[in-house]
Amino acid sequence: MSSFDTALVAIEAWPLSEVIRRSVWAYPALETIHIASFATVFGSLMVLELRVFGAAPAVPLSPLARLAVPTALAACAVAAMAGVLMLISSATEIVTNPAFQMK
């Protein structure tokens, strides 16, 4: 067993990993948060891009950007945290999944 595999097994033994793995609701809630966060990133940047490309010219660009960019960054951070929490619950299984490796 490599040191990487050993680290993954150790991560799975963390109390927080156990709580997520044993809970009926934790993993589905994290998945929901993860997907909703990505939707928020996409949506906030899409609104900004549409404005940049000429949609809704009456809306001032600068205030829209001051709202959209921090929203996208915060949502990206939430998505990353939810993703890490899902990962630690079954690290050895998830890391070997080809779909995860592509991601």
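**Stop 1: Ala56**

Select Ala56, which is partly exposed because its relative accessible area is 46%. The cut-offs are these: buried means under 20% relative accessible area, exposed means over 50%, and partly exposed is in between, with a 1.4 Å probe and protein chains only. Ala56 sits in the loop between helix 3 and helix 4. Helices here are DSSP runs of H or I with at least four residues, numbered from the N terminus. Now check the backbone: phi of Ala56 is near 50°, a positive value in a residue other than glycine. Most residues other than glycine have a negative phi.

Before moving on, note what you are looking at. This is a predicted model, in which local features need pLDDT of at least 70 and side-chain atom pairs count only at pLDDT 80 or more, while totals for chains, interfaces and linings use all residues. Residues are numbered from 1 along each chain as its sequence is written, and side-chain values use heavy atoms, with hydrogens and water left out.

**Stop 2: Arg51**

Go to Arg51, in helix 3. Which residues does Arg51 contact, leaving aside its neighbours within four places in sequence? They are Ala56, Pro57, Val59, Leu61 and Leu64. Contact means heavy atoms within 4.5 Å. So the residue from the previous stop, Ala56, is in contact with Arg51.

Arg51 is buried yet has no salt bridge. A salt bridge is a side-chain nitrogen of Lys or Arg within 4 Å of a carboxyl oxygen of Asp or Glu. For charge, Lys and Arg count as positive and Asp and Glu as negative; His and the chain ends are not counted.

**Stop 3**

How many salt bridges does a search of the whole structure find? It finds 2. Select Glu18, Arg21 and Arg22.

- Glu18 pairs with Arg21 in a salt bridge, and their closest N and O atoms are 2.5 Å apart. Both residues lie in helix 2 (residues 15-22), 3 residues apart, about one turn of the helix.
- Glu18 also meets Arg22 in a salt bridge, at 2.7 Å from N to O. This pair is in helix 2 too, 4 residues apart, about one turn of the helix.

Salt bridges that share partners join Glu18, Arg21 and Arg22 into one network.

Now colour the three by accessibility. Glu18 counts as partly exposed because its relative accessibility is 26%. Arg21 is partly exposed, with a relative accessible area of 35%. Arg22 counts as exposed, at 68% relative accessibility.

**Stop 4: the largest pocket**

Show the surface next. Rolling a probe the size of a water molecule over the atoms shows where empty space is left. The largest pocket has a volume of about 240 Å³. On a 1 Å grid over the protein atoms alone, a pocket is an open set of points where a 1.4 Å probe fits, with protein on both sides within 12 Å along at least five of seven lines. Its volume is the space filled by probe spheres set on the points.

Select the lining: Tyr27, His34, Phe38, Ala79, Ala80, Gly83, Val84, Met86, Leu87, Ile94, Phe100 and Lys103. Lining residues have an atom within 4 Å of a point. Helix 3 (26-52) and helix 4 (61-89) are the elements that give two or more residues to this lining. Helix 4 gives the most, with 6 residues.

By class, the lining has 9 nonpolar, 2 polar and 1 charged residues. Ala, Val, Leu, Ile, Met, Phe, Trp, Tyr, Cys and Pro count as nonpolar, Asp, Glu, Lys and Arg as charged, and the others, Gly among them, as polar.

**Stop 5: His34**

Buried or exposed? His34 counts as buried because its relative accessibility is 10%. Not counting residues up to four places away in sequence, His34 touches Ala79, Ala82, Gly83, Met86 and Lys103.

**Stop 6**

Finish with the distance tool, C-alpha to C-alpha.

- Ala10, in helix 1 (residues 3-12), is 23 residues from Ile33 in sequence and 25 Å from Ile33 in space.
- Gly43, in helix 3, is 32 residues from Ile11 in sequence and 33 Å from Ile11 in space.
- Ser62, in helix 4, is 28 residues from Ser90 in sequence and 43 Å from Ser90 in space.
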